[in-house]
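Hi,

Here is the structure we spoke of. Please look it over before you read the notes below.

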Amino acid sequence: MTGTNELRALTSARGIAAWMVVLYHIRLSVAGLPDAWVHVFAKGYLAVDFFFLLSGFVIWLSWGPRLRDNGWRDVPRFWQKRMARIWPLHLFVLGGAVVLALALTAAGRHDPAEFPFGELPLHVLLLQNWGFTPKLTWNDPAWSISCELAAYLAFPLLVRAVDWRVLPSWLVASAGAAFLVILAAVMAGEPTLGHDIARFGLVRCLTEFATGSAVCALWLRWKHVVVAPVLAFSASALTLAGWAVGLPETWTIPFAFAALLLGLALISGKRGNPLDWAPLLYLGEISYATYLSHFMLFVVFKLAFVDDAHAVPPVLIGLYLAMVLGCSVALYHLVERPAQKWVNAVQLPRGRARALGVG
């Protein structure tokens, strides 16, 4: 995740979060699932908020000081590596969705509301959730990847605007909190963070991503402070308690997840950490493939195996989950990693670098 063993717990947490999104999307289809579990899985969409915070954390750790110290000359390489990370697998899964839509069209079963061919160019370019479309279509989870692209493009501006390293800790924490206050203010009156994603998804990503970068700066300062993990987890638990008793989700969950992220980073690498378990680490490594493929796979699965999409027998749900895991492994090793290496190996022309103002 970062090139070190220091943050293995965050890799595992990413894998758990990806599977919470999977369970969120299938919760209403599992025959006989107890209501208590339906309600738990119904909050799985919040894992995306953790993703945004985690992404800002990791990008600041890997690139923040480098872009700040080296000026603009490393920006093209930064963008290239981020595109290599997100675009190839997105295009592969989207291509599968296009094949499915064409097959449904040939069979007279195409739903233009779910697979609008007119919006396809926006999805190819990962611009679909920048305010150009009214609802999620094609591969629904890719909305967050669209917003991540915006965060990557804006990140060099954040780096140039503020250097977390030279600010006092109280100011770094206050700035991170201010981003989340902006999010809550923009979404004032909305029932959940997942409401109207086409409208609010972009600001949700940008503010949480920026906060994640501030959390990373705090971790770099506090990672050897003995009491810091206790304080971080206590802050997260207190904020979650406020949510549980009725405080707005838009005000509580981002703060709780930011504190949770800090706590998990602080305990990463500690002896006996259950998040260091090898299978969890591997789920984290393949989590992008899990996240990006599971939705379309469930669409295909229901078409092939299910008569009643709202009452899928547990044995078939088990088969689907096994298929998600198998596809995640295959996509990670056969598509995601090879394509990432190929794109990263492309050398930017020197003339292109000069045109971007970095030569």
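H3 gives the largest share of the lining of the largest pocket, 10 residues. This is a predicted model: local features need pLDDT of at least 70, side-chain atom pairs count only at pLDDT 80 or more, and totals for chains, interfaces and linings use all residues. Numbering runs from 1 along each chain as its sequence is written, and side-chain values use heavy atoms, with hydrogens and water left out.

Terms for the spaces: on a 1 Å grid over the protein atoms alone, a cavity is a set of points where a 1.4 Å probe fits but cannot get out; a pocket is an open set with protein on both sides within 12 Å along at least five of seven lines; lining residues have an atom within 4 Å of a point. A volume is the space filled by probe spheres set on the points, which are joined across faces, edges and corners. Helices are DSSP runs (H or I, at least four residues), numbered from the N terminus.

The largest pocket has a volume of about 810 Å³. Of its 32 lining residues, Arg14, Val58, Arg82, Arg85 and Tyr152 are the closest to its centre.

The second largest pocket holds about 490 Å³. Among its 20 lining residues, Glu114, Phe295, Phe298, Val299 and Lys302 are closest to the centre. H12 supplies the largest share of that lining, six residues.

There is one cavity of 30 Å³ or more. The largest cavity has about 50 Å³ of space. Its lining includes His123, Asp140 and Trp143.

Glutamate 190 sits in the loop between helix H7 (169–186) and helix H8 (197–222).

Regards

Conventions. Helix = DSSP H or I, 4+ residues; strand = E, 2+ residues; numbered from the N terminus.
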